[in-house]
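Student: Hey, I've just opened a structure I've never looked at before. Can you walk me through it?

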Amino acid sequence: MDAASPKLAVRGLTKRFGDLEVLQAINVDIQHGEFVSIVGPSGCGKTTFLRIIGGLETAAAGEARLDDRVIDGPGADRGFVFQQDNLLPWRDVLSNAEIGPEINGKLGESQRGLTMKLLDLVGLKGFEKYFPRQLSGGMRQRVNLARALAVDPALMLMDEPFSALDAQTREIMQTELMRIWEAGRKTVLFVTHQIDEAVFLSDRIFVFARRPGRITEIIDVNLPRPRPLSIKRTPEFAALVDRIWTLIEKDVRVSVLEEHEG
Ligand SMILES: Nc1ncnc2c1ncn2[C@@H]1O[C@H](COP(=O)(O)OP(=O)(O)OP(=O)(O)O)[C@@H](O)[C@H]1O
Ligand SMILES: [Mg+2]
(Lines give C-alpha, C1' and ligand atoms only; values in the text may rest on other atoms or scores of the structure.)
(Ligands and ions follow the chains in the order given, each with its own letter.)
Protein backbone atom coordinates (compact mmCIF):
# COMPACT_ATOMS: atom_id res chain seq x y z
CA MET A 1 0.00 0.00 0.00
CA ASP A 2 1.48 3.35 -0.94
CA ALA A 3 1.80 6.02 1.71
CA ALA A 4 -0.64 8.36 0.01
CA SER A 5 -3.61 5.98 -0.03
CA PRO A 6 -6.24 6.85 2.56
CA LYS A 7 -6.82 4.86 5.73
CA LEU A 8 -10.54 4.88 5.10
CA ALA A 9 -12.10 5.44 1.68
CA VAL A 10 -15.86 5.85 1.45
CA ARG A 11 -17.43 5.73 -2.01
CA GLY A 12 -21.07 6.28 -2.87
CA LEU A 13 -22.14 4.93 0.48
CA THR A 14 -25.93 4.84 0.61
CA LYS A 15 -28.23 3.44 3.28
CA ARG A 16 -31.99 3.00 3.41
CA PHE A 17 -34.29 1.84 6.14
CA GLY A 18 -37.42 0.93 4.20
CA ASP A 19 -38.44 4.01 2.20
CA LEU A 20 -36.24 6.28 4.26
CA GLU A 21 -32.95 7.21 2.62
CA VAL A 22 -30.76 7.68 5.66
CA LEU A 23 -27.41 8.18 3.93
CA GLN A 24 -27.08 9.41 0.37
CA ALA A 25 -23.97 8.63 -1.65
CA ILE A 26 -21.31 9.60 0.88
CA ASN A 27 -17.86 10.10 -0.62
CA VAL A 28 -15.00 10.85 1.68
CA ASP A 29 -11.41 9.90 2.52
CA ILE A 30 -9.80 9.80 5.92
CA GLN A 31 -6.02 9.78 6.16
CA HIS A 32 -3.91 7.67 8.46
CA GLY A 33 -3.63 9.24 11.90
CA GLU A 34 -6.37 11.78 11.30
CA PHE A 35 -8.85 12.75 13.99
CA VAL A 36 -12.19 13.41 12.31
CA SER A 37 -15.41 14.42 14.02
CA ILE A 38 -18.93 14.16 12.67
CA VAL A 39 -21.54 16.70 13.73
CA GLY A 40 -25.10 17.21 12.55
CA PRO A 41 -28.71 17.34 13.69
CA SER A 42 -30.32 14.39 15.41
CA GLY A 43 -31.38 11.70 12.97
CA CYS A 44 -29.01 12.71 10.16
CA GLY A 45 -27.39 9.27 10.13
CA LYS A 46 -24.22 9.74 12.19
CA THR A 47 -24.64 6.52 14.15
CA THR A 48 -25.73 4.64 11.04
CA PHE A 49 -22.59 5.83 9.23
CA LEU A 50 -20.38 4.67 12.10
CA ARG A 51 -22.19 1.33 12.29
CA ILE A 52 -21.63 0.72 8.59
CA ILE A 53 -17.91 1.52 8.95
CA GLY A 54 -17.92 -0.79 11.98
CA GLY A 55 -19.45 -3.54 9.86
CA LEU A 56 -22.50 -3.74 12.12
CA GLU A 57 -24.82 -2.54 9.37
CA THR A 58 -24.74 -3.10 5.62
CA ALA A 59 -24.99 -0.37 2.98
CA ALA A 60 -27.63 -0.35 0.23
CA ALA A 61 -25.04 0.84 -2.28
CA GLY A 62 -21.43 1.95 -2.35
CA GLU A 63 -18.61 0.78 -0.14
CA ALA A 64 -16.11 1.68 2.53
CA ARG A 65 -12.52 0.46 2.38
CA LEU A 66 -10.25 0.26 5.37
CA ASP A 67 -6.57 -0.10 4.42
CA ASP A 68 -7.83 -0.83 0.93
CA ARG A 69 -9.97 -3.79 2.01
CA VAL A 70 -13.74 -3.60 1.58
CA ILE A 71 -15.53 -3.61 4.92
CA ASP A 72 -18.05 -6.42 4.94
CA GLY A 73 -18.44 -7.16 8.65
CA PRO A 74 -17.07 -6.37 12.09
CA GLY A 75 -13.38 -6.92 12.75
CA ALA A 76 -10.57 -6.45 15.25
CA ASP A 77 -9.16 -3.67 13.05
CA ARG A 78 -11.91 -1.38 14.37
CA GLY A 79 -12.48 -0.39 17.99
CA PHE A 80 -15.88 0.89 19.12
CA VAL A 81 -16.72 3.21 22.01
CA PHE A 82 -20.41 3.96 22.47
CA GLN A 83 -22.30 6.52 24.51
CA GLN A 84 -23.24 3.96 27.12
CA ASP A 85 -20.45 1.82 28.42
CA ASN A 86 -21.19 -1.84 27.92
CA LEU A 87 -18.92 -3.28 30.56
CA LEU A 88 -19.71 -6.72 31.94
CA PRO A 89 -20.73 -6.19 35.57
CA TRP A 90 -19.30 -9.51 36.78
CA ARG A 91 -15.84 -8.80 35.41
CA ASP A 92 -13.27 -6.54 37.01
CA VAL A 93 -11.61 -3.63 35.21
CA LEU A 94 -8.68 -5.67 33.91
CA SER A 95 -10.75 -8.52 32.51
CA ASN A 96 -13.26 -6.08 31.01
CA ALA A 97 -10.38 -4.32 29.27
CA GLU A 98 -9.10 -7.66 27.97
CA ILE A 99 -12.32 -8.87 26.34
CA GLY A 100 -11.20 -7.93 22.82
CA PRO A 101 -7.88 -9.80 22.91
CA GLU A 102 -9.68 -12.70 24.63
CA ILE A 103 -12.21 -12.97 21.79
CA ASN A 104 -9.35 -12.78 19.29
CA GLY A 105 -7.55 -15.58 21.14
CA LYS A 106 -4.64 -13.30 22.00
CA LEU A 107 -4.56 -13.46 25.78
CA GLY A 108 -1.10 -13.94 27.20
CA GLU A 109 1.68 -12.34 29.13
CA SER A 110 2.60 -9.73 26.54
CA GLN A 111 -1.06 -8.81 26.05
CA ARG A 112 -1.45 -8.51 29.83
CA GLY A 113 1.48 -6.10 29.91
CA LEU A 114 -0.05 -4.06 27.10
CA THR A 115 -3.47 -3.91 28.78
CA MET A 116 -1.88 -2.81 32.07
CA LYS A 117 -0.05 -0.06 30.18
CA LEU A 118 -3.33 1.05 28.58
CA LEU A 119 -5.12 1.14 31.93
CA ASP A 120 -2.27 3.30 33.18
CA LEU A 121 -2.62 5.51 30.10
CA VAL A 122 -6.35 6.08 30.70
CA GLY A 123 -5.68 6.88 34.37
CA LEU A 124 -6.90 3.65 35.96
CA LYS A 125 -3.66 2.32 37.42
CA GLY A 126 -4.52 0.70 40.74
CA PHE A 127 -8.16 0.06 39.81
CA GLU A 128 -7.57 -3.22 37.93
CA LYS A 129 -9.48 -5.29 40.48
CA TYR A 130 -12.46 -2.94 40.77
CA PHE A 131 -15.84 -3.92 39.38
CA PRO A 132 -17.94 -1.61 37.17
CA ARG A 133 -20.41 -0.86 40.00
CA GLN A 134 -17.49 0.50 42.05
CA LEU A 135 -16.56 3.04 39.35
CA SER A 136 -17.86 6.49 38.41
CA GLY A 137 -19.31 7.11 34.94
CA GLY A 138 -16.07 8.75 33.82
CA MET A 139 -14.01 5.81 35.05
CA ARG A 140 -16.29 3.35 33.25
CA GLN A 141 -15.82 5.26 30.01
CA ARG A 142 -12.06 5.10 30.59
CA VAL A 143 -12.30 1.31 30.85
CA ASN A 144 -14.32 1.35 27.63
CA LEU A 145 -11.60 3.38 25.95
CA ALA A 146 -8.84 1.06 27.21
CA ARG A 147 -10.86 -1.91 26.00
CA ALA A 148 -11.23 -0.45 22.52
CA LEU A 149 -7.50 0.36 22.39
CA ALA A 150 -6.49 -3.09 23.69
CA VAL A 151 -7.06 -4.74 20.31
CA ASP A 152 -4.81 -2.08 18.77
CA PRO A 153 -7.39 -1.18 16.12
CA ALA A 154 -6.47 0.55 12.88
CA LEU A 155 -9.52 2.76 13.31
CA MET A 156 -11.33 3.98 16.42
CA LEU A 157 -15.05 4.60 16.08
CA MET A 158 -16.48 6.72 18.88
CA ASP A 159 -20.20 7.53 19.07
CA GLU A 160 -20.88 10.31 21.57
CA PRO A 161 -18.59 8.61 24.10
CA PHE A 162 -18.69 11.46 26.62
CA SER A 163 -22.29 12.60 26.36
CA ALA A 164 -23.40 10.78 29.52
CA LEU A 165 -20.72 12.53 31.58
CA ASP A 166 -21.00 15.77 33.55
CA ALA A 167 -19.41 18.89 32.06
CA GLN A 168 -16.19 18.83 34.11
CA THR A 169 -15.57 15.11 33.63
CA ARG A 170 -16.26 15.58 29.97
CA GLU A 171 -13.58 18.25 29.62
CA ILE A 172 -11.10 16.07 31.48
CA MET A 173 -11.92 13.15 29.19
CA GLN A 174 -11.40 15.37 26.15
CA THR A 175 -7.89 16.30 27.27
CA GLU A 176 -7.17 12.68 28.22
CA LEU A 177 -8.32 11.47 24.83
CA MET A 178 -6.08 14.10 23.18
CA ARG A 179 -3.11 12.97 25.24
CA ILE A 180 -3.72 9.33 24.31
CA TRP A 181 -4.26 10.22 20.67
CA GLU A 182 -1.06 12.32 20.54
CA ALA A 183 0.83 9.32 21.93
CA GLY A 184 -0.53 6.78 19.43
CA ARG A 185 -1.92 8.79 16.51
CA LYS A 186 -4.67 6.36 15.72
CA THR A 187 -7.17 7.22 13.06
CA VAL A 188 -10.34 8.31 14.87
CA LEU A 189 -13.90 8.88 13.72
CA PHE A 190 -15.73 10.66 16.52
CA VAL A 191 -19.43 11.58 16.67
CA THR A 192 -20.55 14.38 18.95
CA HIS A 193 -23.40 16.84 19.41
CA GLN A 194 -21.10 19.26 21.15
CA ILE A 195 -19.50 21.53 18.56
CA ASP A 196 -16.77 22.78 20.88
CA GLU A 197 -15.79 19.18 21.61
CA ALA A 198 -15.45 18.53 17.87
CA VAL A 199 -13.35 21.66 17.32
CA PHE A 200 -11.13 20.95 20.32
CA LEU A 201 -10.35 17.38 19.25
CA SER A 202 -10.35 17.32 15.48
CA ASP A 203 -8.17 17.81 12.46
CA ARG A 204 -11.31 17.93 10.33
CA ILE A 205 -15.03 18.09 10.99
CA PHE A 206 -17.65 16.55 8.69
CA VAL A 207 -20.89 18.48 8.92
CA PHE A 208 -23.85 16.23 8.15
CA ALA A 209 -27.29 17.36 7.03
CA ARG A 210 -30.44 15.27 7.20
CA ARG A 211 -33.07 13.96 4.80
CA PRO A 212 -31.15 12.46 3.29
CA GLY A 213 -28.09 12.28 5.48
CA ARG A 214 -25.08 13.61 3.62
CA ILE A 215 -21.92 15.61 4.16
CA THR A 216 -22.60 19.26 3.37
CA GLU A 217 -19.33 20.74 4.54
CA ILE A 218 -15.88 19.67 5.64
CA ILE A 219 -14.18 22.07 8.03
CA ASP A 220 -10.42 22.08 8.54
CA VAL A 221 -9.41 22.81 12.10
CA ASN A 222 -6.02 24.45 11.80
CA LEU A 223 -5.47 25.10 15.48
CA PRO A 224 -1.94 24.22 16.68
CA ARG A 225 -1.35 21.04 18.69
CA PRO A 226 -1.04 20.12 21.46
CA ARG A 227 -4.13 22.10 22.44
CA PRO A 228 -4.61 23.23 26.01
CA LEU A 229 -8.20 23.59 27.31
CA SER A 230 -7.62 27.35 27.33
CA ILE A 231 -7.65 27.29 23.53
CA LYS A 232 -11.44 27.13 23.87
CA ARG A 233 -11.33 30.78 24.97
CA THR A 234 -9.47 32.07 21.91
CA PRO A 235 -11.23 34.05 19.14
CA GLU A 236 -10.05 31.52 16.50
CA PHE A 237 -11.76 28.72 18.40
CA ALA A 238 -14.97 30.69 18.91
CA ALA A 239 -15.07 31.61 15.23
CA LEU A 240 -14.90 27.95 14.21
CA VAL A 241 -17.62 26.95 16.67
CA ASP A 242 -19.79 29.79 15.39
CA ARG A 243 -19.31 28.84 11.78
CA ILE A 244 -20.30 25.21 12.40
CA TRP A 245 -23.30 26.19 14.52
CA THR A 246 -24.57 28.38 11.71
CA LEU A 247 -24.31 25.48 9.26
CA ILE A 248 -26.24 23.12 11.51
CA GLU A 249 -28.81 25.63 12.76
CA LYS A 250 -30.01 26.23 9.21
CA ASP A 251 -30.63 22.53 8.76
CA VAL A 252 -32.42 22.18 12.07
CA ARG A 253 -34.68 25.12 11.25
CA VAL A 254 -35.57 23.64 7.84
CA SER A 255 -36.39 20.26 9.30
CA VAL A 256 -38.52 21.76 12.07
CA LEU A 257 -40.49 23.79 9.49
CA GLU A 258 -40.96 20.68 7.35
CA GLU A 259 -42.41 18.83 10.29
CA HIS A 260 -44.92 21.61 10.93
CA GLU A 261 -46.01 21.77 7.30
CA GLY A 262 -46.17 18.00 6.92
N1 LIG B 1 -32.54 -0.01 12.66
C2 LIG B 1 -33.25 0.99 12.14
N3 LIG B 1 -34.41 0.79 11.53
C4 LIG B 1 -35.12 1.79 10.96
N5 LIG B 1 -34.72 3.08 10.98
C6 LIG B 1 -33.56 3.37 11.59
C7 LIG B 1 -32.76 2.35 12.20
N8 LIG B 1 -31.65 2.93 12.73
C9 LIG B 1 -31.77 4.24 12.46
N10 LIG B 1 -32.90 4.52 11.78
C11 LIG B 1 -33.32 5.83 11.28
O12 LIG B 1 -32.26 6.37 10.52
C13 LIG B 1 -32.13 7.75 10.76
C14 LIG B 1 -30.73 8.06 11.23
O15 LIG B 1 -30.53 7.49 12.50
P16 LIG B 1 -29.15 7.61 13.27
O17 LIG B 1 -29.29 6.91 14.56
O18 LIG B 1 -28.05 7.18 12.38
O19 LIG B 1 -29.05 9.19 13.49
P20 LIG B 1 -28.01 10.03 14.36
O21 LIG B 1 -27.48 11.10 13.47
O22 LIG B 1 -27.04 9.14 15.01
O23 LIG B 1 -28.97 10.71 15.43
P24 LIG B 1 -28.65 11.13 16.96
O25 LIG B 1 -27.87 12.41 16.85
O26 LIG B 1 -30.00 11.37 17.53
O27 LIG B 1 -27.89 10.03 17.60
C28 LIG B 1 -33.21 8.14 11.74
O29 LIG B 1 -34.30 8.64 11.03
C30 LIG B 1 -33.59 6.81 12.39
O31 LIG B 1 -34.92 6.80 12.77
MG1 LIG C 1 -26.58 8.67 17.00
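This is a predicted model: local features need pLDDT of at least 70, side-chain atom pairs count only at pLDDT 80 or more; totals for chains, interfaces and linings use all residues.

Student: Okay, which residues are around ligand 1?

Tutor: The shell is made of Phe17, Leu20, Val22, Ser42, Gly43, Cys44, Gly45, Lys46, Thr47, Thr48, Glu160 and His193. By type, they divide into 4 nonpolar, 6 polar and 2 charged.

Student: And which element gives the largest share of that shell?

Tutor: That's α1, with 3 residues. Both β2 (20–30) and α1 (46–53) supply at least two residues each.

Student: What do the backbone atoms of Gly43, Cys44 and Gly45 do there?

Tutor: Each has a backbone N or O atom by an oxygen atom of ligand 1: for Gly43 the distance is 2.8 Å, for Cys44 3.2 Å, and for Gly45 3.0 Å. As for cover, ligand 1 taken alone exposes 630 Å², and the protein buries 59% of that.

Student: Is α5 mostly covered or mostly open?

Tutor: Mostly covered: 12 of its 14 residues are buried. Among them are Met139, Val143, Leu145 and Leu149, and also Arg142 and Arg147.

Student: What do those buried residues pack against?

Tutor: Quite a list: β6 (78–81), α2 (93–97), α3 (99–103), α4 (109–121), β7 (155–159) and α6 (167–184). Just past the end of α5, Asp152 has a positive phi of about 50 degrees.

Student: You mentioned α6. How many residues does it have, and how far does it reach?

Tutor: It has 18 residues and reaches 26 Å from its first C-alpha to its last, close to the 26 Å expected. Its buried residues are Arg170, Met173, Gln174, Glu176, Leu177, Met178, Ile180 and Trp181. The cover over them includes β3 (35–39), α4, α5, β7, β8 (187–191) and α7.

Student: What caps the N-terminal end of α6?

Tutor: Asp166 does, with a side-chain oxygen 3.1 Å from the backbone nitrogen of Gln168. After α6 comes Arg185, in the loop that leads from α6 to β8.

Student: Which residues are joined by a cis peptide bond?

Tutor: Arg211 and Pro212 are joined by one, with omega about -10 degrees. Arg225 and Pro226 have one too, with omega about -5 degrees. Pro212 sits in the loop between β9 and β10 (214–220), while Pro226 is in the loop between β10 and α8.

Student: Back to Arg225: what does its side chain contact?

Tutor: The side chain of Asp203, through a polar contact of 2.9 Å. Asp203 is in the loop between α7 (195–201) and β9 (204–209). Beyond its neighbours within four places in sequence, Asp203 contacts several residues, including Gly33, Phe35, Trp181 and Val221.

Student: What about Asp251, buried or exposed?

Tutor: Buried, because its relative accessibility is 14% and the cut-off is under 20%. Asp251 is in helix α8 (residues 235–261). Not counting residues up to four places away in sequence, Asp251 touches Pro41, Phe208, Ala209 and Arg210.

Student: How far is Asp251 from Phe208?

Tutor: In sequence, 43 residues; in space, 9.3 Å from C-alpha to C-alpha.

Student: Last one: where's Gly73, and what is it in contact with?

Tutor: Gly73 is in the loop between β5 (69–70) and β6. Leaving aside neighbours within four places in sequence, Gly73 is in contact with Gly54, Gly55 and Arg78. With 12% relative accessibility, Gly73 counts as buried.

Conventions: Residues are numbered from 1 along each chain as its sequence is written. Chains are lettered from A and ligands numbered from 1 in the order in which they are written. Side-chain values use heavy atoms; hydrogens and water are left out. Buried means under 20% relative accessible area, exposed over 50%, partly exposed in between (1.4 Å probe, protein chains only). Helices (H or I, at least four residues) and strands (E, at least two) are DSSP runs, numbered from the N terminus. Contact means heavy atoms within 4.5 Å. A residue is near a molecule or strand if one of its heavy atoms lies within 4 Å of it. A polar contact is a pair of N or O atoms within 3.5 Å; within protein, one must be able to donate a hydrogen and the other to accept it, and residues adjacent in sequence count only if both atoms are side-chain atoms. Accessible areas come from the Shrake-Rupley method with a 1.4 Å probe; for residues, only the protein chains shown count as cover. Ala, Val, Leu, Ile, Met, Phe, Trp, Tyr, Cys and Pro count as nonpolar, Asp, Glu, Lys and Arg as charged, and the others, Gly among them, as polar. The expected span of a helix is 1.5 Å times one less than its number of residues.
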